[in-house]
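Me: I would like to learn how to read a protein structure, one feature at a time. Could you walk me through it?

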Amino acid sequence: MPSRLPLPPIDAAPIKDVARSLRFAVEQGGRSLKKGLPLEALPEPAARLADAALATARRLGDRAGSLAHVLLDGDDTPPPLSHPEEAEAEARFAAAAHDGLRAALKRLGAESCLVGEAAAAAAWRRATRASGGSDGATAAALYLALLDPPAIREVVWPEGATPPAEAGRVVVFAVLLAMLADPAGYRDLIPAATDLALALAGDLSAADAPALHALFDEFRNHV
Amino acid sequence: MSDAPELHLPATSEPLRVAIRRLRWFRQAFARQLDELAAETGLSFAVDDRRLAQVFVAWLRDVDAQNPHDPGQRRAYFDFVSALMLRNLLRDMPLEAGPLPPGADPSRAEYFWPEGFACTVFCLNVRAAVLEQEFDAETSLTPEFFSLRQWWSFRENAASDPNTAMGFFDVFAGNNPEWKLPDSFRQRLNRSLAAPEAQGRLG
């Protein structure tokens with residue numbers, strides 16, 4: 001029996017992104033339906049139909065969420081930014097950046113959000129190819145790459161709330177600062193890193209790569 | 001209150017002078033001070049985490065900007081940066097006290113100015129802990145700390161010029177206060193060089 005060739009590893013990030021996008025769209029659609037439809041005032045059978053449509057949307061969202069969850073396997077700690085050549089560094093960074101950005105946006109008060117894991121992976125490829133220096137320089141390159149094109153695709157803020165200025169820059173800086181401070185424990189650092197980044201929003205608004213590198217070095221030991 | 005409220009600092013494997021410059025530990029220590037003060041006095045406090053982070057960032061930058069990098073000035077610098085922390089906390093006040101508990105005596109400093117009192121004891125307690133760890137030095141509070149008259153003046157002055165908080169901090173800690181340019185470490189050094197008798201208290 002001829003031996004089978006090993007299958008190439010599957011890039012799960014785009015599949016997870018699709019599942020998450022679907023879930024996000026369904027959740028947003030459900031919210032809009034609820035806001036726009038006066039369900040209590042609808043006559044039968046319209047009320048029953050609207051209820052059924054909402055229930056279907058919820059089920060679809062749950063299934064998409066389950067699919068994304070099934071695909072979340074492997075090492076979920078980011079690689080040290082000083083060693084971008086580590087095994088599966090790109091996928092680990094992308095998954096960690098996705099989770100970190102969501103957590104940081106939640107810390108800022110976002111109701112829900114959609115973050116592209118494939119976009120984070122692409123940012124990793126561009127940044128690590130370009131930086132080639134210290135982990136602070138890599139963090140600065142990643143910061144710029146995660147913002148352009150933006151890895152954060154949608155953010156929903158509570159109705160009537162004013163989103164913090166520079167929210168995108170703040171959360172991207174926060175996640176990278178947490179990774180620099182402690183890659184293994186970066187999740188626990190996200191709240192403090194986000195508050196630090198928010199306090200530095202003024203510095204972030206016009207910072208170029210050297211200024212970002214200096215900011216990362218200034219605050220990495222103070223999270 | 002006959003003694004200053006204590007502070008049981010959060011555990012850390014690092015020297016306190018390092019831990020206090022990490023936002024997570026700093027926040028935990030501040031929250032613990034408020035909890036212990038609340039348990040002792042019946043006061044309650046709400047902390048604005050974002051504002052506290054801003055205070056912390058501004059303080060870090062102040063500390064770095066004036067660091068003399070001179071081993072001979074370490075003790076004096078610890079005193080200075082403790083006072084600087086109090087100045088920044090009072091300037092940007094990240095906490096708000098709830099209503100006074102029933103029966104609170106407003107002639108006592110903690111009820112006369114709960115927010116200012118909480119920030120002051122926090123800075124005094126952290127300073128005491130760092131000095132004990134770094135220099136095996138015991139610290140104590142001066143009688144002025146227990147004088148409402150001092151607190152009344154402290155509150156009035158700090159409201160119009162937060163830098164004066166540093167002078168009051170020195171008074172409470174038993175250091176020679178610098179009123180002219182309290183937020184300049186260089187000025188303190190110059191003065192202590194000009195008046196050697198004050199150096200014992202500063203250094």
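Reply: Happy to! Please keep in mind that this is a predicted model.

Me: Let's start with the overall build. How many helices and strands does chain A have?

Reply: Chain A contains 9 helices and 2 strands. Reading from the N terminus, the order of its elements is α-α-α-β-α-α-β-α-α-α-α. Among its 223 residues, 43% count as buried. Looking at contacts in chain A with a separation of 6 or more, 73% come from residues 24 or more positions apart.

Me: Next, helix packing. What describes two packed helices?

Reply: In general, the description uses the angle between the two axes and the distance between them. For a case in chain A, take helix α4 (residues 117-130) and helix α5 (residues 135-147), whose axes come within 8 Å and cross at roughly 135°. That angle makes α4(A) oblique to α5(A). The crossing of this pair is right-handed.

Me: Which residues of α4(A) and α5(A) meet?

Reply: On the α4(A) side they are A120(A), A123(A), W124(A), R126(A), A127(A) and T128(A), and on the α5(A) side T138(A), A141(A), L142(A), A145(A) and L146(A). Sorted by class, this contact has 8 nonpolar, 2 polar and 1 charged residues.

Me: Now salt bridges. How many are there over all chains?

Reply: The count comes to 23 salt bridges over all chains. To read one, look for a side-chain nitrogen of Lys or Arg within 4 Å of a carboxyl oxygen of Asp or Glu. R20(A) and D17(A) form such a bridge, with their closest N and O atoms 3.9 Å apart.

Me: Where do R20(A) and D17(A) lie relative to each other in their helix?

Reply: First, the general idea: an α-helix has 3.6 residues a turn, so residues three or four places apart point the same way. Here, R20(A) and D17(A) are 3 residues apart in helix α1 (residues 12-36) of chain A, so about one helical turn separates them.

Me: Are R20(A) and D17(A) buried or exposed?

Reply: R20(A) counts as buried because its relative accessibility is 12%, and D17(A) is buried too, at 7%. The pair also belongs to a network of salt bridges linking K16(A), D17(A), R20(A) and E117(A).

Me: What do salt bridges look like elsewhere?

Reply: In chain A, the side chains of R169(A) and E166(A) meet in one, at 2.9 Å from N to O. R169(A) is partly exposed at 28% relative accessibility, and E166(A) is partly exposed at 32%. In chain B, R108(B) bridges to E110(B), with the closest N and O atoms 2.9 Å apart. R108(B) counts as partly exposed at 32%, whereas E110(B) is buried, with a relative accessible area of 2%.

Me: Last topic, a helix and its surroundings. How many residues of helix α8 of chain B are buried?

Reply: Buried is a matter of relative accessible area, with a cut-off of under 20%. In helix α8 (residues 164-173) of chain B, 10 of its 10 residues are buried, so this helix is mostly covered. They include M166(B), F168(B), F169(B) and F172(B).

Me: Which elements do the buried residues of α8(B) pack against?

Reply: They pack against α4 (74-92), α6 (114-135), α7 (148-160) and α9 (185-194) of chain B. After α8(B) comes G174(B), which has a positive phi, near 85°.

How values were computed:
Residues numbered from 1 in each chain as written. Chains lettered and ligands numbered in written order. Predicted model: local features only at pLDDT ≥ 70, side-chain atom pairs only at ≥ 80, totals over all residues. Heavy atoms only, no water. Axes fitted to C-alpha atoms, helices over the stretch in contact; angles between N-to-C directions. Helix = DSSP H or I, 4+ residues; strand = E, 2+ residues; numbered from the N terminus. Parallel < 35°, antiparallel > 145°, perpendicular 65-115°, else oblique. Left-handed = near helix turned anticlockwise from the far one by under 90°. Contact = heavy atoms within 4.5 Å. Nonpolar A, V, L, I, M, F, W, Y, C, P; charged D, E, K, R; others polar. Buried < 20%, exposed > 50% of the residue type's maximum accessible area, 1.4 Å probe, protein only.
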